[in-house]
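Visitor: I'm new to this one. Could you walk me through it, feature by feature?

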Amino acid sequence: MNDDPKAAHPFRFSTQMSLIEATGLSAKDLPSLLTHLKTIPPSVLYYHTHAFLKQHQFLSPEPPNDFAYWVTNVLQEDRLGEQLAAIDTVRFPSLHALREALVSSIEKYLAKGRATRVAPDGEELYFMKARSFVMATTYSASTLREFTEIISKISFNSLYHHMFEARLRLEKGANDFSLWLETELREKTLAQAIARLDPYTQTLNTLRNRIGMLCKARLQEGVSYAAR
């Protein structure tokens, strides 16, 4: 890849900060959890299915979503907790689809008529929401080589924004990196390889390193091909 194709529109790296706010809503048992899950704003659903990713970014695999954790450890409904934890977030193209999967699992569980426990006082699930503030960084890339160099420098907040928020909360259907690589540099194979990475089963640091490795391998492949 000696000529290093240049994109007509550079990739501009952004970062984000989140302000966590209480909603005033809480659940004490499965029926109240189900009721709130059906009506909470997307920002609340997003927080409770993604907060662990940033709070525990050095753990792998990541802990389960808040709902699975609370159902298992507070309500002690182990079977349902396992089902909620097994919901593969990366499979869902939107928060709406993710919400439906969570709701369906709880409805099926309750339909079996089992007696359900009530959370002890003080251990209710309190619903929170994340308000994100997106800011531009000084980094931008017009070529794959520039993109590869910058990936190793961006913050975890920037990586999180482009890999998680863009795909699910902003409902773009894919992460920002893959979208740009495919549409601007025509790097379809590389874009698909990055899109196939499961960001929920590895730390943010590992995720960043793997993206960098894929890009470096593509650059080396291009150099080898051009030398023939």
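**A loop residue to begin with**

Guide: Let's start in the loop between helix H3 (66-73) and helix H4 (78-85), where you'll find glutamine 76. Glutamine 76 isn't a glycine, yet it has a positive phi of about 60 degrees. Before we go on: this is a predicted model, in which local features need pLDDT of at least 70 and side-chain atom pairs count only at pLDDT 80 or more, while totals for chains, interfaces and linings use all residues. Residues are numbered from 1 along each chain as its sequence is written, and side-chain values use heavy atoms, leaving out hydrogens and water.

Visitor: Which loop holds arginine 186?

Guide: Arginine 186 is in the loop between H8 and H9. Its phi is near 60 degrees, a positive value in a residue other than glycine.

Visitor: Is arginine 186 buried or exposed?

Guide: The general idea is a cut-off on relative accessible area: buried is under 20%, exposed is over 50%, and partly exposed is in between (1.4 Å probe, protein chains only). Arginine 186 comes to 63% relative accessibility, so it counts as exposed. Alanine 130, at 8%, counts as buried. Over the 228 residues of the protein chain, 48% count as buried.

Visitor: How many helices and strands are there?

Guide: Helices (H or I, at least four residues) and strands (E, at least two) are DSSP runs, numbered from the N terminus. The protein chain has ten helices and two strands. From the N terminus on, the order is β-α-α-α-α-α-β-α-α-α-α-α. Alanine 130 sits in strand E2 (residues 125-141). Alanine 130 is 108 residues from alanine 22 in sequence, and the two are 9.1 Å apart in space, C-alpha to C-alpha.

Visitor: Which residues of helix H9 are buried?

Guide: In H9 (residues 188-196), they are Leu190, Ala191, Ala193 and Ile194. Looking down the axis of H9, these buried residues fall within an arc of 160 degrees, so they line one face of the helix. That arc is taken from the directions from the helix axis to the C-beta atoms. The face of H9 turned away from the buried side carries the exposed Thr189 and Arg196.

Visitor: At what angle do H1 and H5 pack?

Guide: First, how it's worked out: axes are lines fitted to C-alpha atoms, for helices over the stretch in contact, and angles run from 0 to 180 degrees between N-to-C directions. Helix H1 (residues 30-39) and helix H5 (residues 95-111) pack at about 155 degrees, their axes 10 Å apart. That makes H1 roughly antiparallel to H5; the cut-offs are under 35 degrees for roughly parallel, over 145 for roughly antiparallel, 65 to 115 for roughly perpendicular, and oblique for the rest.

Visitor: Which residues meet where H6 packs on H8?

Guide: Contact means heavy atoms within 4.5 Å. Leu144, Phe147 and Ile151 in H6 meet Phe177, Trp180 and Leu181 in H8. By class, this contact of H6 with H8 has six nonpolar, no polar and no charged residues. Ala, Val, Leu, Ile, Met, Phe, Trp, Tyr, Cys and Pro count as nonpolar, Asp, Glu, Lys and Arg as charged, and the others, Gly among them, as polar. Helix H6 (residues 144-151) and helix H8 (residues 176-184) pack at about 165 degrees, with axes 12 Å apart. That makes H6 roughly antiparallel to H8.
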